[in-house]
Amino acid sequence: MVNYCVYQDRCHKEVEQKFWDFLLIQEAKDEIILYLIKENYLNEERFARSFVRGKFYQKHWGRNKIIGQLKFKGITPKLIQKAMDEIDEEDYEASIKKLYLQYYKLQKDAKDHMKHQKTTRYLISKGYEYEIISRLRQDLL
C-alpha cells in the first residue's frame, strides 16, 4: 500500500477501494490506513491540492467539474474550498478565453450565434461557470 500511495497522491476512498483486492480483516485495514496517515503517505489536503492543480492546468477542467469529482472522492467541502485556492483567477479566465477561441474556430456552422451556443455548451461541459463564460465572451467580441 505504501508503493500505491507513493506512486501518486491518493485519497482515503481510493485506498479503501484498493483494499478490495486484498482479503484483510477490518482491524488490519484500519491499522494500515493509520500507518499511512502517520507516515504522511496518505494526506487528503495534499491529494486535493494536487488533484485541483492537475485537473485545471493539465486537463483544463473548470471549477464545477473539479468540485464534483472531489465530492465523489469523499473530500470534505471545507477541504475542497481550501484546495480550490490552487487556481489563480487570472489563469482561470485566460483558460476560458483560450478554450473559447479554440473551440469557436473549430465550429463549421455558418451562423455566429450557433457557434457561440455550441462553444458555451462545450465550456459548461468542461465545468466552467456560465456567468464567467458569458462575461468573458462579451470581452472577446
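## Helix packing exercises

In α8, the residues His116, Thr120, Leu123 and Ile124 meet Tyr130, Ile133 and Arg137 of α9, where meeting is contact between heavy atoms within 4.5 Å. Helices are DSSP runs (H or I, at least four residues), numbered from the N terminus.

This is a predicted model, in which local features need pLDDT of at least 70 and side-chain atom pairs count only at pLDDT 80 or more, while totals for chains, interfaces and linings use all residues. Residues are numbered from 1 along each chain as its sequence is written, and side-chain values use heavy atoms, leaving out hydrogens and water.

**Exercise 1.** Find where confidence is lowest and where it is highest in the protein chain.

*Solution.* Start with the average pLDDT (the predictor's confidence in each residue, from 0 to 100): the chain comes to 90, and 99% of its residues score at least 70. Then go helix by helix: α1 (residues 2–7) has the lowest mean, 81, and α5 (residues 63–72) the highest, 96.

**Exercise 2.** Describe how α8 and α9 pack.

*Solution.* First, take the geometry: the angle is about 140° and the axes lie 10 Å apart, using lines fitted to C-alpha atoms over the stretch in contact and angles from 0 to 180 degrees between N-to-C directions. The angle therefore makes α8 oblique to α9; under 35 degrees would be roughly parallel, over 145 roughly antiparallel, and 65 to 115 roughly perpendicular. Next, sort the contact residues by class: 4 are nonpolar, 2 polar and 1 charged. (Ala, Val, Leu, Ile, Met, Phe, Trp, Tyr, Cys and Pro count as nonpolar, Asp, Glu, Lys and Arg as charged, and the others, Gly among them, as polar.) Finally, look at the buried residues (under 20% relative accessible area, 1.4 Å probe, protein chains only) of α9 (residues 130–140): Ile132, Ile133, Ser134, Leu136 and Arg137. They pack against α5, α7 (89–106) and α8 (112–125).

**Exercise 3.** Which residues bring α4 and α5 together?

*Solution.* Begin with the axes of α4 (residues 44–57) and α5, which are 10 Å apart at an angle of about 145°. On the α4 side you will find Phe47, Ala48, Phe51, Val52, Lys55 and Phe56; they meet Ile66, Gln69 and Leu70 in α5. By class, this contact holds 7 nonpolar, 1 polar and 1 charged residues.

**Exercise 4.** Is Tyr128 buried or exposed?

*Solution.* Locate Tyr128 in the loop between α8 and α9. Its relative accessible area is 1%, so Tyr128 is buried. Now list its neighbours, leaving out residues up to four places away in sequence: among them are Phe56, Trp61, Tyr92, Leu99 and Ile133. Gly62 is 66 residues away along the chain, yet the C-alpha atoms of Tyr128 and Gly62 are separated by 4.3 Å.

Conventions:
Helix = DSSP H or I, 4+ residues; strand = E, 2+ residues; numbered from the N terminus. Buried < 20%, exposed > 50% of the residue type's maximum accessible area, 1.4 Å probe, protein only.
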